[in-house]
Amino acid sequence: MNPKNPPRASLLATSALSVLVFLAIWELVCRTGLVDPIFLPPPSAVLAKGWAMAEQGTLLGQVLASARRVMTGFLAAALVAIPLGIVLGTSTYARAAFDPLLSFLRPLPSMSWIPLSLLWFGITETQKYSIVFMGTFAPALVYVIEATRNIDPLLIRAAQNLGASRWQVMKEVILPGSLPQILSGMKVILGLAWTCVISAELVAAREGLGFLIMNGKEFFQTEVVVLGMVLISVTVLITDFVFRQIEHRVLRWQK
Amino acid sequence: MSNASMISIQGVSKHYGSFQALEQVDLDVAQGEFVVLLGASGCGKSTLLNLITGFDHPTSGRIVVNGRPVNKVDPNCGMVFQQYALFPWLTVLENVGFGLKMKGVPKARRNEVAQRFVEMVGLKGFEDRFPSALSGGMRQRVSIARVLANDPDVILLDEPFAALDAMTRQVLQDELLRIYEKSRKTIVFITHSIDEALLLSTRMLIMSARPGRVVTDIRNDLPMPRNAEVQLSPRYNELKSQIWKTVQAEVMRSLEATSH
């Protein structure tokens with residue numbers, strides 16, 4: 001057997017074992033009283049709490065509220081950033097015009113938009129969407145511009161030589177040609193969108209996973225806090241998986 | 001008809017800063033000629049091709065293709081690149097139909113025309129493959145079909161077979177001859193292989209470097225239709241040694257120029 005290429009099953013078993021050992025140690029540390037459950041509840045308590053809340057029907061709503069905010073803000077940012085990025089990536093003048101604004105927006109963390117957005121929109125859904133949009137738009141735009149840079153200039157020449165206009169070059173060559181890189185950028189942006197939503201919810205919200213965590217902390221329900229964190233992680237993993245499937249479908253021309 | 005000038009290059013020079021890529025090139029290519037530009041690397045062959053297609057502009061002089069002065073990228077001069085330049089996200093059929101799509105030809109009609117050219121280059125059955133699933137020789141066939149489907153006045157080929165293995169190259173040379181005989185398009189072909197030039201051309205132009213210019217204009221009177229066997233004829237070897245002497249002198253001269 002090639003030591004560099006062990007079978008998939010044994011790799012999966014190793015991963016599963018590692019998770020179990022981690023959970024066991026965690027459980028043990030809490031059960032033996034080494035750590036006060038007010039600071040860290042055992043995984044069994046977190047699971048039990050999750051089960052109870054799911055049965056009451058108060059859990060799914062929180063997850064969906066956050067997910068809806070993430071998707072709305074993320075899609076809005078992507079829909080503006082992708083076409084704009086392609087134009088900026090191909091036109092030096094448009095780039096010169098936008099560069100100063102972009103350089104100003106880029107270093108601003110999404111958190112820094114929270115006070116303004118609260119002033120403008122109050123504790124509303126629009127405020128959550130705007131936080132995600134402002135937190136992801138500039139980095140998304142930078143990803144798209146970068147992606148258009150890596151197009152083989154020969155393909156652009158070939159397209160022009162076959163009669164493509166400037167607009168057709170953008171639509172038929174630059175967009176599909178930079179799509180792999182745009183999509184992998186968007187995967188990162190999607191993760192960023194989650195950060196934005198959770199931070200917005202931690203500050204001010206009436207529902208959502210961030211709200212769940214904050215609320216748990218207020219009432220010293222540490223298992224709810226941990227449950228919220230676990231749910232964030234799981235939801236991000238699921239969206240990432242879905243995104244990968246879409247990516248795979250769209251990019252079936254790649255080897 | 002065959003005397004009509006298809007490409008007219010009038011006193012064209014091209015400088016990049018102080019580097020003279022081309023100096024005072026005058027050249028007329030008649031309709032239906034298969035012209036091979038032959039020369040060592042750095043003699044300005046590719047520069048000349050880029051000027052004809054409109055990718056680049058001459059420093060002085062002018063170029064006229066089929067009666068129209070070239071001042072922007074002209075789809076009437078279809079280009080076949082050495083690196084194929086196929087769109088990796090499009091299938092073979094979509095690549096071949098690309099030019100027609102740009103013209104706004106409806107999909108059904110486009111696929112019909114593309115299908116014809118896919119079959120002409122012997123790729124029937126590969127229509128739905130992506131370029132990544134094709135060999136180098138097949139990719140270059142797609143690239144040739146793509147240009148043919150666009151029905152240009154002139155086909156320009158920039159060392160199209162240089163990246164292919166010897167066997168594949170020979171097959172594609174024969175195919176290109178067959179396509180030329182069938183379509184009677186005006187072709188300008190760049191190579192640094194004397195054999196390739198002799199096998200394909202009706203006329204050979206030998207270029208020299210520093211500054212780039214055309215030094216010899218030789219009519220290739222080997223009979224058409226041709227195939228690889230023409231390489232065994234006495235006339236072939238006669239022409240080959242004649243060209244070799246010129247090329248050798250040019251190569252020596254440019255080697256000396258660089259060593260100083």
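Predicted model: local features only at pLDDT ≥ 70, side-chain atom pairs only at ≥ 80, totals over all residues.
Chain B has eight helices and 10 strands, and six of its strands form an open sheet. In chain A, we'll look at how α3(A) and α9(A) pack against each other.

**Chain B as a whole**

- Let's start with size: the C-alpha trace of chain B spans about 55 × 45 × 40 Å along its principal axes.
- A compact globule with 260 residues would have a radius of gyration near 18 Å, and chain B agrees with that because its own value is 18 Å.
- Of the 260 residues in chain B, 43% are buried.
- Take the contacts in chain B between residues at least 6 apart in sequence: 71% of them join residues at least 24 apart.

**The sheet in chain B**

- Reading across the open sheet, the strand order is β6-β7-β8-β3-β9-β10 (chain B), and the pairing is mixed.
- β6 (77–80) and β10 (213–219) of chain B sit at the edges with a single partner strand each, so one side of each has no neighbour in the sheet.
- On average, neighbouring strands of this sheet are turned by 20 degrees against each other, if you ignore direction.
- As a bit of background, strands of a sheet pair through backbone hydrogen bonds, either parallel or antiparallel.
- For one pair in chain B, β3 (residues 34–38) and β9 (residues 203–208), the pairing is parallel, over four bridges.
- Zoom in on that pair and you'll find B:V36 opposite B:M204 in β9(B).
- Helix α5 (residues 136–149) of chain B lies across β6 and β7 (154–158) of chain B, and α5 runs at about 175 degrees to β6(B).

**Two helices in chain A**

- Helix α3 (residues 60–90) and helix α9 (residues 209–218) of chain A pack with their axes 7 Å apart, at an angle of about 130 degrees.
- On the α3(A) side the contact uses A:Q62, A:V63 and A:S66, while α9(A) brings A:L209, A:G210 and A:L212.
- Sorted by class, this helix contact has three nonpolar, three polar and no charged residues.

**Where the chains meet**

- Chain A puts 14 residues into the contact between the chains, and chain B puts in 19 residues.
- On chain A's side, α7 (153–161) and α8 (166–203) each give two or more residues.
- The largest share of that side, six residues, belongs to α7(A).
- By class, chain A's side splits into eight nonpolar, four polar and two charged residues.

Conventions. Residues numbered from 1 in each chain as written. Chains lettered and ligands numbered in written order. Contact = placed C-beta atoms within 7 Å. Nonpolar A, V, L, I, M, F, W, Y, C, P; charged D, E, K, R; others polar. Pairing = 2+ DSSP bridges. Axes fitted to C-alpha atoms, helices over the stretch in contact; angles between N-to-C directions. Rg over C-alpha atoms; globule rule 2.2 N^0.38 Å. Buried ≥ 20, exposed ≤ 12 C-beta atoms within 10 Å, placed from the backbone.
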